[in-house]
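The sequence and structure come first.

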Amino acid sequence: MIGEAGVAARDRQLVLGLGGTVDFELRWDSAVVERLARELRVRRHELTPSAPITDERSLLVTILAFVAAGTGAERFVASSEILERFAGHFAYDVTLGGTGVRAGLVLDSLGIPSVQHLVSIDDNVRRLLPPAITVLSSATRDTLDPHLIVQYPVGATVRLVDGDIVSPAANRLIFANDPPNREMVIAEGLPDALATASAFLISGFNTMQDHSLLEERLDDIARALPRLPADALVYYEDAGFYTRAFAETVRRRLLPSIHVYGMNEDELQEYVGHPVNLLDAADVTCALEEVQRIIPVPALVVHTRYWAIAVGPQSARHREALESAVRVAATRYRVGDGFTPEEAEATASMPRHSGGSQLVAEVERSITDAVGVPAFSLDVAHPTTIGLGDSFVGGFLAVHAENGR
């Protein structure tokens with residue numbers, strides 16, 4: 001197969017962007033959380049997920065609010081110093097994050113190379129990125145603005161002076177103040193990289209907070225996109241926008257170029273403006289149809305803990321990619337970083353979520369072009385809930401890479 005740019009399929013590449021992060025992944029410790037809550041005089045009645053995070057106390061209040069609800073989120077913090085001080089109370093691991101980077105790490109685990117567009121770099125990035133990932137960076141100097149990742153298990157219990165908090169589900173929270181990702185400078189070499197790409201992953205605009213600057217960066221992407229071969233796939237992954245109105249700006253500018261538009265269950269519920277019962281077929285069907293009206297793309301993909309469903313006129317061609325994506329995300333959930341292709345293959349024979357299977361069947365009957373895959377039902381003592389959506393994207397693109405080579 002030869003693309004419009006005259007590039008043989010075997011020479012095509014996956015280009016993943018737009019920004020990566022250095023993550024401080026906390027090891028959840030209820031005893032430490034309780035000690036901090038006592039020292040900072042946190043009360044159950046004041047927990048809120050939406051107040052500004054200006055110090056360690058407001059950070060803890062926000063964390064506990066999400067833990068009590070069992071939900072995930074991404075939030076802006078007044079300074080990186082707050083995050084570094086808070087992380088100092090816990091044991092934590094230094095890892096790499098960002099949708100493009102984690103998708104690239106998954107692809108590397110499956111033996112698939114990629115090109116990674118970065119807006120920041122330091123020795124952590126150089127040390128942790130595998131050799132098979134080629135770096136295309138707009139950074140002019142080394143910087144470190146860590147993202148704090150809080151991963152809590154189901155049943156996590158925190159005793160406060162006016163009541164206990166018990167998490168109804170496992171989930172992850174992301175907190176950051178990252179100037180390079182807010183500025184999102186596009187590397188000069190991106191158009192040339194796209195000229196030989198089989199797919200381009202766009203993500204990361206959710207961290208930007210200057211609307212004029214966002215428009216400039218979207219101008220840069222608009223100028224680069226025509227360099228893509230005619231048969232290249234453009235995958236856009238939504239995220240928790242720090243300024244929600246910016247999501248509409250990105251959609252307005254990029255929607256005509258997007259082939260696959262992905263989001264998780266939290267983002268689905270943000271779009272419809274109310275909670276969605278993810279195991280109720282009528283509720284899910286209404287939500288999918290509502291979001292599809294807002295985001296009319298060839299394939300709209302929603303991935304959740306119970307299922308992944310694509311709707312849109314081109315959804316059917318992505319069934320294999322959905323299956324791969326769900327399997328890869330489940331493998332990360334049970335194994336963590338650095339799994340092998342054999343471990344991913346072993347996941348395929350594990351049990352599926354019965355409620356997810358039933359829901360997929362009902363939604364496929366209700367929505368003409370819907371294609372769904374149930375998630376796996378896994379009993380894991382220490383699951384990895386960080387980066388599951390990113391791993392899903394990597395698993396999805398893995399099929400596109402293999403079919404395009």
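Helices (H or I, at least four residues) and strands (E, at least two) are DSSP runs, numbered from the N terminus.

## The five-stranded sheet

Five strands in the order β3-β10-β7-β2-β4 form an open sheet with mixed pairing; two strands pair if DSSP finds at least two bridges between them.

Strands β2 (residues 21-27) and β7 (residues 147-152) run parallel and are joined by 5 bridges. Leucine 26 stands opposite valine 150 in β7. Helix α2 (residues 56-69) packs on the sheet and touches β3, β7 and β10 (171-176); contact means heavy atoms within 4.5 Å. The direction of α2 makes about 155 degrees with that of β10. Axes are lines fitted to C-alpha atoms, for helices over the stretch in contact, and angles run from 0 to 180 degrees between N-to-C directions.

## Confidence and conventions

The protein chain averages a pLDDT of 92, and 96% of the residues score at least 70; pLDDT is the predictor's confidence in each residue, from 0 to 100. Over residues 1-9 the pLDDT is below 50, and this stretch has 20 contacts in the model beyond near neighbours in sequence. Where pLDDT is low, the predicted coordinates should not be read in detail.

Residues are numbered from 1 along each chain as its sequence is written, and side-chain values use heavy atoms, with hydrogens and water left out. In this predicted model local features need pLDDT of at least 70 and side-chain atom pairs count only at pLDDT 80 or more, while totals for chains, interfaces and linings use all residues.
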